[in-house]
Every structure is written in structure tokens, then in C-alpha cells.
Amino acid sequence: MAAPNEHPLLAPARREAVAALLIWLLTTVYCVGYCCLYGYGRDPKTLTFVLGFPDWIFWGIVVPWGVCTVISGLFAFCFMKDADLEN
Amino acid sequence: MLLAVTEVPTPGYGVLAALLIFIAASVWLGTLAQKAMEKQDFMQGFFLGNRGLGAWTLALTATVQSGGTFMGFPSLVYSFGWIVAVWIGSYMVVPLTGFAVVGKRLAQLSRQTNAVTVPDLLRVRFDDSRVGLLASILIMLFLSFTMFAQFKAGATIMQHAWPGSGILALSEDYDTPIAKDATATGESVETTSRTWKQALRERLPLSPKYYIGLVVFSITVVGYTLIGGFLASVWTDLFQSVMMVIGVMLLVCLAVPMAGGMEQASRAAIAATSSDIAMGPGYSTAGREFLTPGLALSMFFVWVFAGFASPASMVRVMAAQNTEVMRKSIFLLSVYNCLIYIPLVMTCIAARSLLPDLGKRSDEVIPQLSLLVTRDFPYHTGEFVSGLILAAPFGAIMASVSCFVLVIASGLVEDIYAKLINPNATEAQLRRATTVSMVAVGLIAVLANLNPPQYLQALVVLSGSAGAATFIAPVIMACYWRRATATGALSGMLGGFLVYFAIYSCGWAQNWATANPSAELANTIIGILGKDPMIGAAGLFRPYYILGVDPIIWGLLASIFGGIVGSLASPPLAPELVKRFFDVRPASA
């Protein structure tokens, strides 16, 4: 709960920090989870390639990387608020 | 069937020319920076660029890239395969976490406290000089290790940039003893007339080219940083970042088609090694598991937290012009990382089929590949282009050293000289102290590298992660928690540092015992710590893996625990102090 006289920069900054850490957490769970499920202890004969990448790298790292770049853009230009740093 | 191409041309004058251009450009940027910071407050201008960093400079300099990243990372891909994409994968969120978690608040606090350094900020925020002093000492300790390693890397690159000196690489195997050079050139060892030379060789055991490189590199970097301060450092950093992305784009566009496409390159790599090169935990001939699931999880902590809690990164964020710049930086850096890391992985997988015989010389992968893919360029332009590609990691090393010299000097001047020794120092005295401390830092780095210890690169990783484990809790607490106290900040810093260092020390002891099984103490150590689990990269400075994860996770937990318990167990800070940093200032009468 924000204090009554709290500086207006703090609430958005806290919200953005939590959102960024949540995105990191989701990314970690998905990427590590997917890669561990499909990239470790697997029969190499079942390995396929997507655009030249091993399938598990493509879906576990390359695609999320692209998605994260888009999300970062949306975060920066649509979600994050500007604030006066001087006062 | 694709034929492996192993006939790589050796570097000629193009590489040396490219390095000299880089050096000249850096000095020029230093003089430009000096003009830009003139007529401003000296400390704010020299150490923080008057808090005027724009989006490009902030985005492309406030990260953890260095020459080691550009040369060491490709070596890992070449050695272990596609799994290294997972190892570096968390860089997809580093731009977001790097600026959005504490960036805005840190920039505000640095203005409210009028702080030039991170220790200065923490000292004023917690109203306790012990916090500032401990932070300053730890930062100087961490950055010194990293900086010494970068001096060695810079000197090594200059040594090998001479035509005919072999392939340019950062490998520590390249520290050729001078005796070998003498034998190669047919010199006889006449003991009677060469006593002084032998004495010199004992003290300076490396090739003379290394020492010339060390001196030229040190004078250049300390020189332009001294001229232009913080702005010189970030502008050079920006310059090398741009060069790096151009180099990576060139390499990927030339190397992947040369290998017959990405899928063909992967299949050729599998044929040359085993299917492990396309699977987890990675390829290894020594039976090691490079990236187990536990270590993969760890890497998603290491890069993210080392990214926003490292002192060098925090200083850049403090210098941001405004929050709009930070927002733009998030996007710019996201795109930049996309263009660097995945293409680098692709390039080095392609190198597996183009340069199949590198073996233990995997550090040479980028230099050799750049010479190979440009060898058919007309009019010897290929040599110059490859020189420019190779100059990018050199520039990265210069930029890193420049930043470290600056942060260490700012600690000495602002946190020690101006706060403890001479609180009433005039601007002239501060300028003199800055010059003396920067020259001293450069001299110490040169002396430390006259006979450099091996495995400095491992210490770089250690000090980066230790920095994150030490500062993450105190910085987050300083930004967002009203109840945080000086005791909490101190226990957070010490808790993170000591736990991380203790776990790493156990790893060293375990590795020593494994390497010296006949030693009396070895059996006792192995009995307590167990045998080498054979996970992670090989090397004497491997950490000890509790529950199979990197020590940074335990260090972070200790830092958070210490910070919370220390704060709650101590009296709250004075309400006026908390209000100053958390509440709206009352309108002046």
C-alpha cells in the first residue's frame, strides 16, 4: 500500500519492476523447462531442424527471444511511464 | 558433401592497421568528450558525464559485454555446441530487467543524493559511512580482478596483431615464454655473457611483444580516459558496440552460406563430433556435462542479476538523461542483443564445419573465421575487413578497462579522498587526485601483468557474479523499502559476498584435491566435499555446485536474507531521512 505522500515516481517504478521480474520468471520457466524436456536425454534420431536450428533450440530459445524483443518494445513504449527525475 | 576448409591465411598488416585506427579513434573521442564536459562541475562531469547519457549510449554501454564475451563466448559455442544458446538465453530479458527493475529509481536517488558513485548513493541513502566504505572496498576489489584480466587480454591482442605473430586470440595458452621465441629464432643461450638477460627473463617471462602491447594499451586507455572521463569511456564503448554488431552481421552472412546453410552446418558438426553437439548438456570429449538443467537454470539468474546489479552498469544508469532515454534503451538493447547472440551461435556452429581442427585452440574461432571468410575479397580488402572485425573485441576490452579505471578512480577520489581524507578539497585538488589515482591504477595494472597469473579470465566471471550477489539486495532495498536500514544493507552485502566466496573457495579446494590426489590433504578434502561432479566448463576455478546450481543463487538468497533480517533487527532510520527519499517534498514557503 502506497503512503499518502509518496513520490509519484515510486508506484509506477515498483509496478514496472514487478512486471519485469515476472516476465523474467515466466521466460526462465518456459525456456529452461522446454529445453530440459526436449533437448536433454532425447533419442538423437528424433532430432529435426527448423530453419536450420535444432527444433528444441528454435522453440525453446529462438522464438522466445523474438517474443521477448517484441514484449520489451511494448513494455518500453506502452507500459512504462515517464517520470521527472529531478524533483 | 561439404569440404572442410582449413587453410586459413595468417593476419598481415591489415589487422595492425585496424587496431591503430581503433586507438586513434578512441583518443579522438576522448578529446571530443573533454570538450563536451568543459564548463561543468568537475566531479559530475568527469565521473557521470553530467547525467546526460542518451538512448544509444545508455543502451549499448550499460551491459556486461567485454572482449571476453566476444572471444570467450564463441569459443564455448565451438566447443560445446548448440547448448550455449541456452547458456546465453537469458540475455533476451536482460534489457528489460536491466533498466526496469531499479533503473528509474536509481537514477532518481542518485540525483536526490547528488551521488557520483554507487557507494556514495548507498552511504547517503542509509546515512551511514560504513555502508559507503564497505561498498567502495568491495567494488574496487571486484573490478580490480576484472580490470587486470582485461589489461592482459588487451596486451595479448596487441602482441598477436603484429604480422607473423600467429592467430589473434585471447587464449591464456598464448603466453609464450621468451625462451621459446629465442629458440625459434636460432639464438643460442650463452650463459656467461647473458646473465642480465636471464635475470630479466625470470622477471619478465613473456615475449617482448607482449610487454610492448601492455605499455601501448595501458597508455592509450588510461590516456583517453584521463582526457575525456566518463564520456570518453561511454563513447568508445558505443563505438565498439557498433563495430561489434557490424562484425557479427558480416561473419554470419559470410560463414553460414560458406558452410552450406545452417542445417548443413549443424549436420556437419554432428558428423565431425557426435549428436551431443546439438543436444543438452553439450558436447564434450572429457565426459563433462557442460550445462546440466541446474546450471541452465543458474544462467538465467547469472546474466540477469549481474546485468543490473553490477557496479559498472549501475553507474551508467545513474547517468541517464531521463526516463524516456531508459525506455528507448530497453528496446534498442533488445534488438541489439537479438542481432549479436543468436547470429554468433549460428556463426560458430558453421565454424565447426569450416574449421574442424581447432580443438583446444577454440579461442581462435572468430579470428580464424574472419580471416577465412574474407580471404577471397579483392585487392587485399579482406585482410582489412577481417582486421576491423577483430578490432571490435579489442575495442570492447579498451572500453571495459576504461570504465573500470574510471569506477575505481571515482571510488578512490569520491569515496575515500573526498569523504575521509580531505572533505574540504577544492576542485583543483580533486582534479589532481583524479589524475594521480587513474595513473596509479594504470601503473598497478601494468605491474600486476608483468608476470600475469593464469586463469584471470575465470576471476572475471567470479568477480562479476560476486558483485551481483553482493549488491542486489542492498540496492533493491535502497530503492523500494522504507524499513531498510544501514545494518540491513551491511548484512546484505556481507552475506551475499561471504556465502558466494565461501562456496567458490570450496570449489577451488575440490579442484586442487582432484588435481593433486597424492597430496596428504587431498583425501580429506575429497572426503568432505566429494569428487568433481564433472559438470560445468573445465578449469581450476570451477565453483562448488551445491544441489547442482551456481553459487550466485545461494549468494543472492544470502544477500536477501541478510538484508531483510538485518533491517528488521535494527532500529528504523529517522523518519525525516526516509521521507526525503520516498515522499513528495513539501512546497517551499
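**Entry 1: terms and conventions**

I take buried to mean under 20% relative accessible area, exposed over 50%, and partly exposed in between, with a 1.4 Å probe and protein chains only. The structure is a predicted model, in which local features need pLDDT of at least 70 and side-chain atom pairs count only at pLDDT 80 or more, while totals for chains, interfaces and linings use all residues. Residues are numbered from 1 along each chain as its sequence is written, chains are lettered from A and ligands numbered from 1 in the order in which they are written, and side-chain values use heavy atoms, without hydrogens and water.

**Entry 2: salt bridges**

I looked up the salt bridges (a side-chain nitrogen of Lys or Arg within 4 Å of a carboxyl oxygen of Asp or Glu).

Asp120(B) is in helix H8 (residues 118–126) of chain B and Lys419(B) in helix H18 (residues 381–421) of chain B, so the bridge ties together parts 299 residues apart in sequence. I took helices as DSSP runs (H or I, at least four residues), numbered from the N terminus. Lys419(B) is partly exposed at 28% relative accessible area, whereas Asp120(B) is buried at 2%.

I then examined Asp82(A), which forms a salt bridge with Arg327(B), the closest N and O atoms being 2.9 Å apart. This pair joins two chains, because Asp82(A) lies in the segment after helix H2 (55–79) of chain A and Arg327(B) in helix H16 (residues 323–354) of chain B. Asp82(A) is partly exposed at 43%; Arg327(B) is buried at 12%.

A further bridge joins the side chains of Arg482(B) and Asp583(B) at 2.6 Å, N to O. Arg482(B) is in the loop between helix H20 (456–480) and helix H21 (486–515) of chain B, and Asp583(B) in the segment after helix H24 (575–582) of chain B, 101 residues apart. I noted Arg482(B) as partly exposed at 25% and Asp583(B) as buried at 9%. Both belong to a salt-bridge network that includes Glu6(A) and Arg14(A).

**Entry 3: helix packing**

I checked helix H14 (residues 293–309) of chain B against helix H23 (residues 551–568) of chain B: they pack at an angle of about 60 degrees, with axes 8 Å apart. H14(B) is therefore oblique to H23(B); angles under 35 degrees count as roughly parallel, over 145 as roughly antiparallel, 65 to 115 as roughly perpendicular and the rest as oblique. Axes are lines fitted to C-alpha atoms over the stretch in contact, and angles run from 0 to 180 degrees between N-to-C directions.
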